[in-house]
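This report describes side-chain contacts and strand pairing in the structure shown below.

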Amino acid sequence: MIYVNKENIPEDQFTSLLEVTKNKIIKKYEQKFPKVVNGNTFETDVYNEMILSSLQTDFEGYIEQTSVHAFPDIIAKKLFGVEVKMTSADKWISTGNSVLESTRIGSVETIYMFFGKFGNDFNIKYRKYQDCLYDVGVTHSPRYKIDMDLQEGLSIFNKLGIPYDNFRKETNPIKRIKEYYKKQLKQGEELWWISETSEDPAVSPIIQSFNKLEKTMKEQFINECFVLFPEMFGKSTTKFDRAAPYLIKNYNAVSASLRDNFTAGGKQTISVNGNPVVVSRLIYNLFLRANDIKRIICDTPYTKLSNYWGEEITDEPLEIWKKLLEQNSKEDVDIISVFNEGIKKVKKL
């Protein structure tokens with residue numbers, strides 16, 4: 001967090017400071033991209049560049065980095081704050097801070113989100129904190145969800161019908177969130193919930209049937225399962241077991257016929273290395289989804305892949321996945337050739 005210790009400073013002076021800081025970091029990373037990037041190193045870079053950018057401004061000497069668990073991460077003159085976030089993926093969304101804001105520094109009146117996207121082309125965006133919080137997710141405690149491209153008027157506070165500054169000062173903000181989600185429930189849905197903080201990924205507080213998920217979410221889940229659970233291509237009767245809890249944990253959804261989402265449908269004929277080959281529906285799905293699977297492997301953090309694959313990943317995750325696929329496959333077809341044909345012939349499912 002960063003804040004400024006002088007009163008009556010126009011907010012545009014602070015945003016000017018953020019703009020200069022942003023440009024300096026982008027230029028610095030263009031010249032020498034950091035070998036190791038995580039939340040702590042990026043926050044420290046932002047802090048150091050803010051100090052340099054504040055020279056000969058009203059903020060000089062008043063930029064402070066707060067303690068590890070404090071909110072926000074940097075403060076300027078104890079009036080303005082900066083919450084620093086980053087993602088290694090190629091997207092502008094992430095999980096934010098606890099709704100409770102129990103570690104907020106009381107003097108800070110205005111906070112900006114300063115977000116670094118390290119996936120694909122590196123870039124930075126900053127916005128007023130409440131303007132990029134579009135929803136609430138649940139770990140052990142409700143946490144905000146961040147979208148740096150969120151359209152104006154679609155924040156969680158617009159949905160709740162209360163300004164951010166009023167909401168954060170309520171004695172029981174969670175009660176208001178529960179009431180909001182109860183009103184959104186559809187037939188067959190229920191809430192699950194909440195008490196403390198955690199660094200786990202946040203998901204929706206509503207449990208629902210897999211069949212009620214949006215099509216894009218269904219496709220994303222199936223593609224992720226192909227990546228994370230290569231044992232699906234084996235013959236074990238338990239080969240879909242790990243997918244079920246993954247569906248609950250990450251999509252808050254359950255399915256009474258999970259296997260059918262991967263295997264239902266007749267055999268198909270595809271061309272592999274110029275020859276017609278009859279394959280099972282499972283293999284045909286692999287063929288159709290090859291490009292999406294490749295994209296997910298490239299976008300997924302190594303730590304997550306290592307956790308699900310049971311081995312340390314330091315480089316070339318696509319090649320490691322192919323090796324696991326080949327080891328697990330019991331199909332009467334060269335499964336790697338099928339995947340490679342899918343990459344060439346199917347641009348998008």
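In this predicted model, Lys 28 has a relative accessible area of 33% and is therefore partly exposed. The side chain of Lys 28 meets that of Glu 49 in a salt bridge, at 4.0 Å from N to O. This pair links distant parts of the chain, since Lys 28 lies in helix H1 and Glu 49 in helix H2 (residues 39-53), 21 residues apart. Glu 49 is buried, its relative accessible area being 10%. Through salt bridges that share partners, Lys 28, Asp 45 and Glu 49 are joined into one network.

Across the whole structure, 16 salt bridges are found. Three of the pairs are listed here.

| Glu 49 | Lys 28 | 4.0 Å |

Glu 11 belongs to helix H1 and Lys 128 to strand S7, so the pair ties together parts that are 117 residues apart in sequence. Both count as partly exposed, Glu 11 at 27% and Lys 128 at 25% relative accessibility. By contrast, Glu 341 and Lys 344 both lie in helix H13 (residues 335-345), three residues apart, about one turn of the helix. Here Glu 341 is buried at 3%, whereas Lys 344 is exposed at 60%.

The aromatic pairs number 32. In one of them, the ring centres of Tyr 29 and Phe 118 are 6.0 Å apart and the planes stand at 50 degrees, so the pair is tilted. Tyr 29 is in helix H1 (residues 11-31), while Phe 118 is in the loop between strand S6 (110-117) and strand S7 (123-128), 89 residues apart. Tyr 29 is buried at 4% relative accessibility, and Phe 118 is buried at 11%. The rings of Tyr 180 and Tyr 181 have centres 5.0 Å apart and planes at 70 degrees; the pair is therefore edge-to-face. An aromatic cluster includes Phe 210, Phe 240 and Tyr 308. In another kind of contact, Lys 77 lies over the face of Tyr 62, 4.6 Å from the ring centre.

An open sheet of three strands has the order S5-S9-S8 and antiparallel pairing. Its edge strands, S5 (93-98) and S8 (133-138), each pair on one side only. From one strand to the next, the twist averages 35 degrees. Four bridges join S5 to strand S9 (residues 142-147); the partner of Ser 94 in S9 is Ile 146.

Technical notes. Residues are numbered from 1 along each chain as its sequence is written. This is a predicted model: local features need pLDDT of at least 70, side-chain atom pairs count only at pLDDT 80 or more; totals for chains, interfaces and linings use all residues. Side-chain values use heavy atoms; hydrogens and water are left out. Rings of Phe, Tyr and Trp (its six-membered ring) pair if their centres lie within 6.5 Å; planes under 30 degrees apart count as stacked, over 60 as edge-to-face and the rest as tilted. Helices (H or I, at least four residues) and strands (E, at least two) are DSSP runs, numbered from the N terminus. Buried means under 20% relative accessible area, exposed over 50%, partly exposed in between (1.4 Å probe, protein chains only). A charge sits over a ring if NZ of Lys or CZ of Arg is within 6 Å of the ring centre and within 35 degrees of the ring normal. Two strands pair if DSSP finds at least two bridges between them. Axes are lines fitted to C-alpha atoms, for helices over the stretch in contact, and angles run from 0 to 180 degrees between N-to-C directions.
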